Amino acid sequence: MFLNYSGRTHVDSVPDAPAIEIHNLHVRYDAKQGEALSGVSVTIPASARVALIGQNGAGKSTLLKTLVGLQPYSSGSVLIFGRNVRACHHRVAYLPQRGEIDWRFPISVRRFVLTGRYVHIGWLRQPKAHDLALVEQTLERLNLSSVADRLISDLSGGQQQRALLGRAIVQESELLLLDEPFNNIDPETRVLITHIVAELKALGRTIVVATHDLSRLREEFDYVAVIHDGTIAAFTDAPSYAVAPAELAL
Amino acid sequence: MNAIYDWFVVPIQYGFMQSALFASVIIAMTCGVIGSYVVLRRLAFIGDALAHTALPGVVVAYLNGWNLFGGALAAGVMTALGIGWMARKSTLREDTAIGVIFTAMFALGIVLMSGTQSFRDLSHILFGNILGVDRTDVLLISTVAVVVLVVLFLLHKEFELASFDTLQAEVMGIHTDYLRTTLLVLLAFTVVTGIQVVGVILTSALLVTPAATASLLTRDLRSMMIYAAFIGAGSAVLGLILSYHYAVSTGATIVLLCTGFFAIAVGVQRIRQYRGEGRS
């Protein structure tokens with residue numbers, strides 16, 4: 001147990017609990033500023049693909065960061081599979097926006113993807129054959145095998161995004177939170193990411209994708225959550241979204 | 001041929017030179033390894049600050065008859081913990097707070113030093129005195145080096161991850177603030193040993209220059225650490241022997257050699273770029 005990063009024993013999810021259950025969530029970055037999230041309440045069922053849409057600054061990234069425990073909240077409650085966020089490090093994978101990472105750091109693509117396994121490996125232990133095999137398999141699936149030994153700084157924007165997705169996949173988490181994975185990528189990478197999200201859903205995973213791309217919401221997602229001014233303005237089936245006010249997004 | 005052999009071997013026949021050689025190689029190698037993180041995480045300013053803040057610790061230890069190395073170590077570790085605390089709590093920018101504190105601590109050290117009757121005894125803290133290390137110093141330096149290198153080895157994957165993606169490390173449950181403070185404490189340990197070789201003023205050169213040189217020659221972190229360790233060690237050996245023959249400051253000679261290797265690496269990189277090979 002003490003070798004786990006969180007220092008806690010892993011706990012099972014609550015049976016039949018939704019993937020995410022947020023109630024009246026308030027988040028404030030600074031006492032002088034207004035609230036970044038004000039009274040967010042939403043329940044996201046397990047095994048669903050959810051598009052989180054909204055204008056820049058509406059609170060999409062803040063919500064995702066709160067769900068992985070990066071952003072403290074002032075009041076409300078957040079449960080992941082019925083458990084507290086702090087008990088779910090191994091259960092949630094987070095794909096940050098590309099700008100959050102120092103891409104000039106000298107690390108190969110293979111080792112970068114391998115870092116996704118660290119949450120299962122923990123302190124003082126080294127990756128085992130199973131971890132390495134999973135990384136190779138994921139690199140292959142993401143068409144990154146040919147650049148696996150290159151440094152991450154040598155990758156194109158689309159390749160960097162695929163490497164980030166690879167790192168989230170090898171974590172084998174039940175919940176994946178992807179922050180704007182479709183930004184500034186080539187069309188092939190966009191299609192690949194969409195296919196992989198569908199594959200993950202077929203495996204029973206829950207995937208929340210913050211996105212500005214509204215072109216294929218109905219085809220690519222099961223639900224759409226619209227966030228506006230720090231609160232959830234709508235949460236609806238993706239097929240029904242066409243009748244929702246599109247101006248809330250973008 | 002014999003003349004070259006003698007040039008290298010004759011100085012090392014003396015006991016004090018053997019201690020100095022052993023100590024300076026150990027210190028330079030440790031500085032090279034941790035210096036790779038200093039360069040990649042842009043901690044050069046903090047490294048310099050840790051070296052300068054060791055001065056009052058040394059003077060206070062001297063005035064009370066304590067071990068000088070212990071005094072420097074205590075001051076360095078306290079500064080490292082203080083920087084870690086400031087990074088979490090202060091509203092000031094970290095580099096501003098460090099700039100204020102380290103210059104104040106250095107000034108305090110100078111005031112305390114000038115108040116003693118033996119300014120010369122303490123001047124080696126400013127400029128280094130590797131020729132003065134005794135068996136106890138060598139033992140302390142070796143112990144510090146082993147501790148620093150073992151901890152860096154055991155926490156390599158976490159230090160590496162937190163260096164380029166703090167968020168991912170946090171998401172996995174790693175307390176990156178504590179990890180950073182651990183790195184700063186290791187840095188304080190290393191810096192205090194570095195002071196023995198080149199003194200307070202030049203210690204950051206031992207941390208930064210070999211690692212910066214290595215970063216021009218390789219793009220793999222582990223190779224960078226190994227290259228930096230050997231560049232530092234090579235500079236230490238050559239610097240010690242050159243300073244013996246030409247009767248000049250050992251610490252400053254070592255630093256100049258480090259800089260010379262850096263200049264050569266820049267030249268090699270330029271030639272590679274010119275030939276269109278790029279770095280590999």
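1. Strand 1 (residues 20-27) and strand 4 (residues 75-80) of chain A pair in the antiparallel sense over five bridges. Within this pairing, A:H23 stands opposite A:S77 in strand 4 of chain A. Two strands count as paired if DSSP finds at least two bridges between them; helices (H or I, at least four residues) and strands (E, at least two) are DSSP runs, numbered from the N terminus.

2. The model is predicted: local features need pLDDT of at least 70, side-chain atom pairs count only at pLDDT 80 or more, and totals for chains, interfaces and linings use all residues. Residues are numbered from 1 along each chain as its sequence is written, while chains are lettered from A and ligands numbered from 1 in the order in which they are written.

3. Four strands of chain A form an open sheet in the order 2-1-4-5, with antiparallel pairing. Strand 2 (37-44) and strand 5 (83-84) of chain A stand at the edges with a single partner strand each, so one side of each is left without a neighbour in the sheet.

4. Strand 9 (residues 223-228) of chain A pairs with strand 10 (residues 231-237) of chain A in the antiparallel sense over six bridges. Across this pairing, A:Y223 stands opposite A:D237, and A:V226 has A:A234 as its bridge partner. The hairpin has two residues between the strands, and A:D229 takes a positive phi near 55° there.

5. Strand 9 of chain A is also joined to strand 3 (residues 49-53) of chain A, by four bridges and in the parallel sense. Here A:L52 stands opposite A:A225. Strand 9 of chain A is mostly covered, with five of its six residues buried; a residue is buried if 20 or more other C-beta atoms, placed from the backbone, lie within 10 Å of its own.

6. The contact between the chains takes 18 residues from chain A and 19 residues from chain B, where two residues are in contact if their C-beta atoms, placed from the backbone, lie within 7 Å. On the side of chain B that touches chain A, helix 8 (156-164), helix 9 (166-171) and helix 11 (221-246) of chain B each supply at least two residues. The largest share, five residues, comes from helix 8 of chain B.

7. In helix 8 of chain B, seven of the nine residues are buried, among them B:F159, B:L161 and B:F164. The buried residues of this helix pack against helix 3 (118-121) of chain A, and against several helices of chain B, including helix 2 (15-40) and helix 7 (135-154).

Conventions
A residue is buried if 20 or more other C-beta atoms lie within 10 Å of its own, exposed if 12 or fewer, and partly exposed in between; C-beta atoms are placed from the backbone.
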